[in-house]
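Have your viewer open as you read.

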Amino acid sequence: MIQGPHTTPLDVGELIPGLAALAMRTTMLSPKPGAPGVGDSSIGGPLLWPAGEPWPYCEQPGHRTSYDDESPAGPVPVVPVVQLFARDVPELRFPEGKDVLQVVWCPLIHPEESYVALPALHWRDEAEARAAGVLRDVPEPPGGEYELDFMPRPACTLTPTVVVDYPDKDLPGELLPYVVEFEEKYGSFYNEVACVSRNKVGGYPAWTQPPDWPSCDEGHRMEHLLSVTGEEHLDMAMGDAGGIYLFLCRQCPELPNAYRYDCH
């Protein structure tokens, strides 16, 4: 049976009228400091990156090392953020022929992009990547050439767990009176017992501000793919308890993606 995001005897979906229909399955990643290898799902760990594929650099004009420093930096190597293998996250639908998802981003801030790191997605076939040989000499940003808020440290192993997720910021307004009644009756905050506000795959974005769902160029509302947030074991504040949310359009064959960022 799929459990809720928190240890609670309360069946929130049954206790709040209309909420059960909004339930979504999500995979909590639960990062813990460890020593992941290139063949492991991880946050901040090494990637299964083909040896013949150059490691990407960010060369966006104007990116800089901190919110206060207005001096633009030069080209900076991106950093590994998330690696997920299909075997570890069976709820995640991979494109045909792919079984590895990798997320990298520039660890600088970009004034033209809401002062945030710039993420990029890479879908891979594990067997093909291994056959090509793995890139071992991965460049790292030199000391000081990054914003600590967006450096996923330390490297963390993952314990993916499928749970039920309910909307927080996406909760329809007509359900709010029932939520207030629930909290008063049971002495529990709704978002603490019903919502997964942490690193996760699928479900609802872990917004801290009002929702801002992206649409693709064809006008399709994208689905939430992945939330990357600061968490107990990740020294990554992302502004102030913020997050980067990755989205994907599966209605378009090229699978366009987008991201959003917010913080308190």
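How many residues of strand 13 (residues 243-248) are buried?

## A strand on the inside

This is a predicted model, where local features need pLDDT of at least 70 and side-chain atom pairs count only at pLDDT 80 or more, while totals for chains, interfaces and linings use all residues. Residues are numbered from 1 along each chain as its sequence is written, and side-chain values use heavy atoms, with hydrogens and water left out.

Now to the strand itself: six of the six residues of strand 13 are buried, so the strand is largely enclosed by the rest of the structure. Buried here means under 20% relative accessible area, exposed over 50%, and partly exposed in between, with a 1.4 Å probe and protein chains only. Strands are DSSP runs (E, at least two residues), numbered from the N terminus. In a regular strand the side chains alternate between the two faces of the sheet. Both faces of strand 13 are covered, with Gly243, Tyr245 and Phe247 buried on one side and Ile244, Leu246 and Leu248 buried on the other.

## Its partners

Strands pair if DSSP finds at least two bridges between them. Strand 12 (residues 223-229) runs antiparallel to strand 13 and is joined to it by six bridges; here serine 227 stands opposite tyrosine 245. Strand 14 (residues 257-262) is also antiparallel to strand 13, again with six bridges, and its tyrosine 259 stands opposite leucine 246.

Elsewhere, six strands make an open, antiparallel sheet in the order 2-9-3-6-7-8. At its edges are strand 2 (32-33) and strand 8 (116-124), each pairing on one side only. Within the sheet, two bridges link strand 3 (residues 42-43) and strand 6 (residues 79-85), and isoleucine 43 has valine 82 as its bridge partner.

## Histidine 63

Look next at the loop between strand 4 (57-58) and strand 5 (76-77), where histidine 63 sits. Histidine 63 counts as buried because its relative accessibility is 1%. Its side chain reaches the backbone oxygen of glycine 74 at 2.8 Å. Beyond four places in sequence, the contacts of histidine 63 (heavy atoms within 4.5 Å) include Cys58, Ser71, Cys106 and His110.

## Cysteines

What is the disulfide count? With a disulfide taken as a pair of cysteine sulfur atoms within 2.5 Å, the count is zero. Cysteine 252 is in no disulfide, and the nearest cysteine sulfur, that of cysteine 249, lies 3.7 Å away. Cysteine 252 counts as buried at 5% relative accessibility, as does cysteine 156 at 0%.

Note on methods: Helix = DSSP H or I, 4+ residues; strand = E, 2+ residues; numbered from the N terminus. Polar contact = N/O pair within 3.5 Å; in protein donor to acceptor, adjacent residues only side chain to side chain.
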